[in-house]
Amino acid sequence: MLTITFIFVGILLVVFQTTVTMFTPLSTASPDLYYILVAFLAFRLDVVRSVAIILIVSCTLDVFSGTIIGFYPLLCYGGYFLIRFISIKMPVRESLYQLPLVALSYLIVSLLVYHTLDFLQPDTLGAWHWSRILLRAALIIPLAWPLFRIFELLYSTLRSKRYRINLFSSSSGNQFRDKERLL
Amino acid sequence: MRKNRPRQSKERRYETFRLFLLSGVGLTLTLILLVFIFGSQTYSPLHRLLFWGISPIQKGASAVTDTVVSFKQEYIDLRTVREDNKRLWAQLEQYKEIIDDSREAIAISVRLQKLLDFKEANDYPTVAARIIGKDPSLWFNNVIIDRGTSDGVDSGMPVVTGAGIVGQVYEVSTDYSKVLLTIAPSSAMDVIIQNSRERGILKGTGENSYRLNYILKKINISKGDYIVTAGYGGMFPTGLPVGTVSKVIRKPRGMFLEVEVTPAVDFTTLENLLVILRNKISFDDARL
């Protein structure tokens, strides 16, 4: 249920971004909302579920955007594992530091993915503009906070027993083991 | 008894006098009235005096009446003005909405008229499409349109507006298609300079401009020259407007000029498009 819901949320974010926030085909001030979901998954969800959600969302992005299949999976997985790595290594785990971290990781991953693909497939990508990418990264910060709150609300609601579906496993009677399995 | 008799005769005389006086006055007035009625029908001095004397009073009375009536009316107006104000504001908002709708309808009409003009001016079979999604990335330029294979759209088909070429169908599903815009860096097409008929390759820049490649330095090209599709290879029909030359740079080194082209189509206001159903007709046949 949790995975399906977050896949649905991710697809909604992609649809929202490709229709509402893109006023013209050349709009630059359109925040990459899907990346905020990727960041949330890195902070809150386990790897298996996150990988499944990101796969569907990034493939949806590949459908609606770009000419290189695999561009968005590379960007999303790169961002996911970078954030996950930094968040594990980072001594401070307050949400105040998480938001700039999301923007920073977006900047780093974009830079790496862009230059890798530009090297492998020249004349396929548009020119790199620092001003535009910084604007996109900056837009992520104010939007990450409300979206994180919404995702957190969804997450906590779906984690409650009412929405938990255990099709293949029965309760062992050991609450600690059940909890471990969920995590 | 003797004392009362002279008193009674005195009273009788007085009454007789009063009767005469009253009759005289009545007769006089009757005469005056008859003179007024059957006379020259012009104001006598008395009339003028009355007219002059009473009119100011009439004026004053009228002013007072007017003031009272006006005050009453203003009071009533004040009582209703709030409701009128509300109603008028609501009407104003309603009319504003109508004006906005009308403006939008005019804009749509102009756009569709351009598409219709293009359709009528060219014999190519086309299908009208609407943009439903735009590429959110900074490095690609695609749009999603609401036409697919069920409408006869196939990959490789050219997409245009009334102003000129927009792009090419890149991927298709049954009801939707992905269009690669001509301004995308991965887009390239054969074009010719309309005046000199010289050929070049037009590349997208990812911005709202093109770069025209392989134009030899000896070729006479200047700002404002029209660029149209060449039609080689049958990918695009010949002579579709592409843009105008905006900058020509002659570098001392190299064989070719650096030419910048401004698109004929305004990519910032793209909404309605036409997909040319290329497979239904041979462009070479159409040219002949």
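What pLDDT does chain B average, and what share of the residues score at least 70? Chain B averages a pLDDT of 84, and 95% of the residues reach at least 70, pLDDT being the predictor's confidence in each residue on a scale from 0 to 100. This is a predicted model, in which local features need pLDDT of at least 70 and side-chain atom pairs count only at pLDDT 80 or more, while totals for chains, interfaces and linings use all residues. Residues are numbered from 1 along each chain as its sequence is written, and chains are lettered from A and ligands numbered from 1 in the order in which they are written. For the complex, the predictor gives an ipTM of 0.79 and a pTM of 0.69.

Now to the makeup of chain B. It holds 3 helices and 12 strands, with helices (H or I, at least four residues) and strands (E, at least two) taken as DSSP runs numbered from the N terminus. Of the 288 residues in chain B, 29% are buried. Here a residue is buried if 20 or more other C-beta atoms lie within 10 Å of its own, exposed if 12 or fewer, and partly exposed in between, with C-beta atoms placed from the backbone. Among contacts in chain B between residues at least 6 apart in sequence, 56% join residues at least 24 apart.

The barrel comes next. In chain B, 6 strands close up in the order 6-7-8-11-10-9, with antiparallel pairing; two strands pair if DSSP finds at least two bridges between them. Neighbouring strands of this sheet are turned by 40 degrees against each other on average, direction ignored. Strand 9 of chain B can be followed on both sides. Strand 6 (residues 188-193) of chain B runs antiparallel to strand 9 and is joined to it by 3 bridges, with B:Ile192 partnered by B:Val228. Another 3 bridges tie strand 9 of chain B to strand 10 (residues 241-249), again antiparallel, and here B:Val228 stands opposite B:Pro241. Strand 10 of chain B then pairs with strand 11 (residues 258-263) in the antiparallel sense over 6 bridges, and B:Lys247 faces B:Glu260 across that pairing.

Strand 12 (residues 272-276) of chain B has 4 of its 5 residues buried, so it is largely enclosed by the rest of the structure. Strand 1 (residues 126-134) of chain B pairs with strand 12 in the antiparallel sense over 5 bridges, and B:Thr126 has B:Ile276 as its bridge partner. Strand 3 (residues 158-161) of chain B is also antiparallel to strand 12, joined by 2 bridges, with B:Val160 partnered by B:Leu274.

Over in chain A, helix 2 (residues 33-44) and helix 3 (residues 47-64) pack at an angle of about 170 degrees, with their axes 10 Å apart. That makes helix 2 of chain A roughly antiparallel to helix 3 of chain A. For such angles, under 35 degrees counts as roughly parallel, over 145 as roughly antiparallel, 65 to 115 as roughly perpendicular and the rest as oblique. Axes are lines fitted to C-alpha atoms, for helices over the stretch in contact, and angles run from 0 to 180 degrees between N-to-C directions. Helix 2 of chain A brings A:Tyr34, A:Leu37, A:Val38, A:Leu41 and A:Ala42 to meet A:Ser50, A:Ile53, A:Ile54, A:Val57 and A:Leu61 of helix 3. By class, this contact has 9 nonpolar, 1 polar and no charged residues (Ala, Val, Leu, Ile, Met, Phe, Trp, Tyr, Cys and Pro count as nonpolar, Asp, Glu, Lys and Arg as charged, and the others, Gly among them, as polar).

As for the interface, 23 residues of chain A are in contact with 22 residues of chain B. On the chain A side, helix 1 (2-19) and helix 6 each supply at least two residues. The chain A residues that touch chain B divide into 8 nonpolar, 11 polar and 4 charged.

Most residues other than glycine have a negative phi. Phi of A:Asp123, however, is near 60 degrees; this residue sits in the loop between helix 5 (95-120) and helix 6 (130-159) of chain A. A:Asp123 counts as exposed because it has 10 C-beta neighbours inside 10 Å. Phi of B:Tyr214 is likewise positive, near 60 degrees, in the loop between strand 8 (210-213) and strand 9 (226-229) of chain B. B:Tyr214 has 13 C-beta neighbours inside 10 Å and therefore counts as partly exposed.

Terms used. Contact = placed C-beta atoms within 7 Å.
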